[in-house]
Every structure is written in C-alpha cells, then in structure tokens.
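Please examine the sequence and the structure shown below.

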Amino acid sequence: MELLGRYLDRSNSISSVMTQDVVKEENLRDDLRFYFMSPCEKYRARRHIPWKLGVQILKIVMITTQLVLFGLNNQLVVSYKEENTMALKRLFLKDYSGVDEDDYSVAVYTQHGVYDSLFYVLDQYSQLGRLTTAPISYADDEDGKPWPLIICKAYYKRGSVEPSDESYDIDAQLETVCMSHHPKTANLWKTHNSSFFDLDFYRLVDIKLTFQVKGINLQTVRSRELPDCYLFYVTITFDNQCHSGMVKIFLDIDAHSSACRGWKISGTAQKNTHYLLMFDGFIILVCLTSAVLCTRSIVLAVRLLQRFSRFFHENYNRKVCEDDQREFLNGWYVLVIASDILAIIGSILKMEIQAKSLTSYDVCSIFLGTSTLMVWVGVIRYLGYFQKYNVLILTMKAAFPKVLRFCCCAGMIYLGYTFCGWIVLGPYHEKFEGLSRVAECLFSLLNGDDMFTTFAQLKDKNMLVWFFSRAYLYSFISLFIYMVLSLFIALITDAYETIKNYQRDGFPLTDLQKFLREHKDFPVLEESSQTDVHVRHSVLCCCQRVPENDDVILIS
C-alpha cells in the first residue's frame, strides 16, 4: 500500500506539472496520426465510417457501367456512319474496289475515264431511291423541295501549255463555275449543258459535286433506344491539282444526327431512355458527393499543415521541410476531384445525347473515358496502404523526376531524327511522308516492331538516299534500343532497388514522422541562422520504414 501511495503521489505531481502546451501538442499529434491512418484504422480508432472509400467504390461500379452502356451505343453510331460511307462509295464511285487507294478512293488516268466517272455519279444520284437498300432519300429544304445537286469546277483563268516546246503561259488566278439541278433531272445535264462539261484538262484544277441525303439509324431499336435521323453532306472531288496524269477521286461525308420529328414505336424504348437518364442523374449526385468529401479532406489537410507549421515555428524556431508539406497536399484527392468534374460533364453530355438535344458522341466519349481512367488509377491510393502493393507507387514517385529529365534529353535526339527522316526519306517511303507518321514509325522501331518492313519498303531508285536510309535507320535503332532504352530501364530499376533496400533497412525519418513518434531531437535554430540553413530531404524521406508496432505509415 505504501508503494501504491507513492506511485499515486508521483502521478498527481506529474499531472499538475503538465502545461497547456503539452496538451496542445498531444492533441495535434493525435489529429495528425488520425489523418494519416487508413480507412480501416480510422474505423477501429474512432468508429469513423469510411465514407470516401464507400463513395469511391460505388463510383467505380457506376461509372464503369455507364461507360460500357455508352460505348455499346456509340459503337452502333460509328458502325452506322462507316457502313453508310462504304455504301455511298459503292453507289457513286465507278470501279470502286471497296478499299481506298492510299488517301483517295479511286483514280482515273484518261479523259474518257473522268467523263465516265462524272456522269456515273449523276446517273446514280438520279435513281438513288431505286438503287439503295438503306432507308436513305434526298434531303428537303425549308419549302419541302429536294436539295439540288451542285457541281463546281475550278480552273486557271487563262493558260496555254506546250510541253514539246517546254513553254507555258498560265494565269494562276482560279475561276469557279457552278451549276445546280433538281435530283430528278440530274441525268439530263450532259445533254442540256454540254458546254459546261467541255473540260480543258490542262487548266482544270478540280471538280466538286455536293449533295445532301437523309437516313435513319434503325439498328438502335434492338438496344431499346429511339433511332436517330441523320443528314449526310456528301462531297465528291475530282482532284487534278498535280496535273500528273492521275486524277484522284475522293468521297467525303459529314454526318449530323438529330431527333426525328415524327416517330412512332412500340416497345420499351422510351421507358429505357428514362431509366438511363435517372441512372446518369444518380451518377452526377455520387460524383458531387465524392468531390465535396475530397475537398473537405484537402481543407482539413491545409488546416493541419498550418497548425503543424505554427507549432514547429513556436517550439523549435524552424520551418517544415518541403517534403513534409507535400505529405499534407495529397495529389490523390486532386485526381479524384478532376475525375469527378470530368464524369459530371460527361454525364450531362450523355443525358443531352440521350434526350436527342446533342450529338457530340466523340466529345462525350473523351470526358467519360478520361474520367473512368482517373477513377481506376485512383484505386491505387487504397492499395498503397499495404506494403507489398505500395512498392509500385513509391518506385514511380522516386523515379519520376529522373525519368522526366532523361526524357527531355532523349526527346531532343528523337525530334532531330524525326525531322531528318521526314525531309530526306519522306518522298521515298510512305512511313515518312508526314511528321506524325515519322514519329510513329520511329516509336515503333524503338519498341522493336516492324523493322524489316521499314527497311524493305524503301524505294532503291535513288542510291544516295538508299545508303543514307541505312545509316539513318541503323544509327537510330542502335542508339535508342541499346543505349537510350537501356538507360531508361536502368533509372527505374535503380529506384526500385533503392525502395527495396529502404523497406528492408528502414526509411529515413522526416520531422513529421519524428513528431508522430514523440521524438524530441529537433534542433532549435537561432533566428539569425534560419536564413543560412535549408532543410531538404529526398522524395524517399517522406516514406516510412517497415512498420513496427504502432508506427504510422505516410502514403503520399
């Protein structure tokens, strides 16, 4: 009893000595520990329900379901446009084989071929309703009359060419003459307007035929959705700009969808649309909730950082290092908020498309696809609470600055090869015809793809260019595969090995981690020496060693 009494007296004396500053320090330490806990640890510590985790799981399921449903519908739209493009090429382009030749559809090489192809378009257009198997017809204007087919020819204003004498006289100014006729009389043009079709091919630059047709995408009925009505702006171009003896024929289609004005359909299509609109609205509500919760966490983190900075300044007369400050500014929350914003915008666009108010399928796909990507990437944050999964995050974080600097240097060499390949090999190799194609070809070679084909496809008519191409390709492949790519992998491997060593031996402790472990070995800086001391740790110093007992793991 005497020993117990001494112990109680000592405890009472210690309690009386504790100051308000000590209580404030313990409260700050508890708040910091709770903030850096995992959702499960927070629940065990204070019975704090992990609302953010639950909302993120629900959001992943719902956004992925929304993306799949929209993707299936978008595939129907894209396939309808592509198949209509193919059908119209088959209808209006004479001798079309079904496969485009390079960047054009068909090419003709004689004057007779140009006239035949031109009149073939007019004849086919005049009997469109009897030829096509699709629900396509002529577009009507505001007065209910069919839109006319318009044909325009552009040619040099004046000119004479004598190749045998190596002489020419050309006025480079272009003149354009157009004619328009009713679809039903389009096949009479060659007799009523014979002078218009009297073409001077040495002056002719191009001929363009434009018309409009309408169609209905009935295949969406199978997916229990209302069919869309489409307006196709069709342009057929006879391109003679090169005057090389080959007239290229292009057929371009610009499709615009809209809600059909008069429709009647039985079944559950309209009811299904209402369900989808409700589902999209619920996704918007979930994303708003997620954004609010993450914003609240960011605000809480900023307040904790301010409290921690003020405590360090008042008690140790020093500033919190930059790496510790970054622990509070959680980039995962920013990623989640960005994905929520994109998902909300995409859902609104999808609802407008579903209600037939908008037709921006591609824009909606970009928003929904990017938001889904970010949502799934955000799951890595929760896997990071487990040591075995956290190695990927730590390796990426440690290697990213070095990899970024390395890519900047390697990118300069890559751009040099890109420009060089385009200017030298472009006229002789189809993979080097444009800057984007050169970059794609070199990236393919960098990954070891399609090497033999790239070598073999080069035309060997110019021996100087052929020898240069060999030196160019061999040097690029040797430099980037054996040196640049190996160094790139070495940087990541080095970061991975460093992380593994730290996980085995323990990570360096930062001031924040020392404070959470109740260490007292913080050097107090004099006011005059603060400007001379710069406390800086590497990115790895923000990580914790292998946890023991009550250690707190900081996931950045």
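**Cysteines and a helix**

Cys-364 is buried, its relative accessible area being 0%. Here, buried means under 20% relative accessible area, exposed means over 50%, and partly exposed lies in between, with a 1.4 Å probe and protein chains only.

The model is a predicted one, in which local features need pLDDT of at least 70 and side-chain atom pairs count only at pLDDT 80 or more, while totals for chains, interfaces and linings use all residues. Residues are numbered from 1 along each chain as its sequence is written, and side-chain values use heavy atoms, with hydrogens and water left out.

A disulfide is a covalent bond between the sulfur atoms of two cysteines. In this model, the term is applied to a pair of cysteine sulfur atoms within 2.5 Å. The structure holds one disulfide. Cys-152 and Cys-178 form this link, with their sulfur atoms 1.9 Å apart. The angle about the S-S bond is 115°, and the link of Cys-152 and Cys-178 is right-handed. Cys-152 lies in strand 3 (residues 149–162) and Cys-178 in strand 4 (residues 167–181), so the pair ties together parts that are 26 residues apart in sequence. Helices (H or I, at least four residues) and strands (E, at least two) are DSSP runs, numbered from the N terminus. Cys-152 is buried at 17% relative accessibility, whereas Cys-178 is partly exposed at 43%.

Cys-408 is partly exposed, at 46% relative accessibility. The closest cysteine sulfur to that of Cys-408 belongs to Cys-409 and is 6.8 Å away, too far for a bond.

Helix 10 (residues 331–354) has 24 residues. Lys-356, which follows helix 10, has a positive phi, near 65°.

Notes
Expected span 1.5 Å × (residues − 1).
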